[in-house]
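Here are my notes for you on this model, as numbered points. Have the structure open while you read them.

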Amino acid sequence: MKVEIKVDTSKLDQMAANFPAAVERAKRRALQDVGQAVASRATMAFRTAAMRPSPWAPRKPSKRDDGHPLMIRSGALRQSIGWKFKGADAVVVGTDKKYAVHHQFGTKHMPARPFMPVDTAGRLTPQMSQKISRIVEKSLSDELAGIGLQ
């Protein structure tokens, strides 16, 4: 005895057809959200010590001290932090201010006062890595739900 069972797979076929586009949308959205999150954290580090990858050395006493907060004289460095897409699978977060690297990593005459969420080797901090993982998971989850795959 044999029983033939016909299954309507048209909905599954439609979902499968939409899957590659959904993954690409999720990637693009994740990259955008990652760029914004890293840039935002770097910007917040200027005002909020908890956002800094490591504590900042205090300012040395100076006759020139004009009372401005540490690392914020004009605000140009903080305001210059941004992000942009780099190809289909990366973003670049940073600043065009040439002196930023000296503040981030220090010099022979100046202590490091890092604001970008990376360690001295340029690796993301554990907190930023975890946040990025959550961003990527949410982007994919949201897109898959949008095509009925969740």
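1. Start with the largest nonpolar core, which has 22 residues; Phe46 and Phe115 touch the most other members. (A nonpolar core is a set of buried Ala, Val, Leu, Ile, Met, Phe, Trp, Tyr and Cys residues joined through side-chain atoms within 4.5 Å.) Helix α1, strand β2 and helix α4 each supply at least two residues of this core, and the largest share, 6 residues, comes from α1. Helices (H or I, at least four residues) and strands (E, at least two) are DSSP runs, numbered from the N terminus.

2. A word on the ground rules: this is a predicted model, where local features need pLDDT of at least 70 and side-chain atom pairs count only at pLDDT 80 or more, while totals for chains, interfaces and linings use all residues. Residues are numbered from 1 along each chain as its sequence is written, and side-chain values use heavy atoms, with hydrogens and water left out.

3. Which residues does phenylalanine 46 touch, leaving out those up to four places away in sequence? Its contacts (heavy atoms within 4.5 Å) are Arg52, Trp56, Leu70, Met71, Ile72, Leu77, Arg78, Ile81 and Phe115. Phenylalanine 46 counts as buried, because its relative accessible area is 2%, and phenylalanine 115 is buried too, at 1%. (Buried means under 20% relative accessible area, exposed over 50%, partly exposed in between, with a 1.4 Å probe and protein chains only.)

4. Now the rings. A search of the whole structure finds 3 aromatic pairs. (Rings of Phe, Tyr and Trp, its six-membered ring, pair if their centres lie within 6.5 Å; planes under 30 degrees apart are stacked, over 60 edge-to-face, the rest tilted.) Phenylalanine 46 and phenylalanine 115 have ring centres 5.2 Å apart and planes at 35 degrees, so this pair is tilted. Phenylalanine 46 sits in the loop between α1 and α2 (76–80) and phenylalanine 115 in the loop between α3 and α4, so the pair ties together parts 69 residues apart in sequence. Phe46, Trp56 and Phe115 form one aromatic cluster.

5. Look at arginine 52 as well: it lies over the face of tryptophan 56, at 3.5 Å from the ring centre. (The test is NZ of Lys or CZ of Arg within 6 Å of the ring centre and within 35 degrees of the ring normal.)

6. Histidine 103 is in helix α3 (residues 100–105). Is histidine 103 buried or exposed? It counts as buried, because its relative accessibility is 18%. Among the residues histidine 103 touches, beyond those up to four places away in sequence, are Met71, Leu77 and Phe115.
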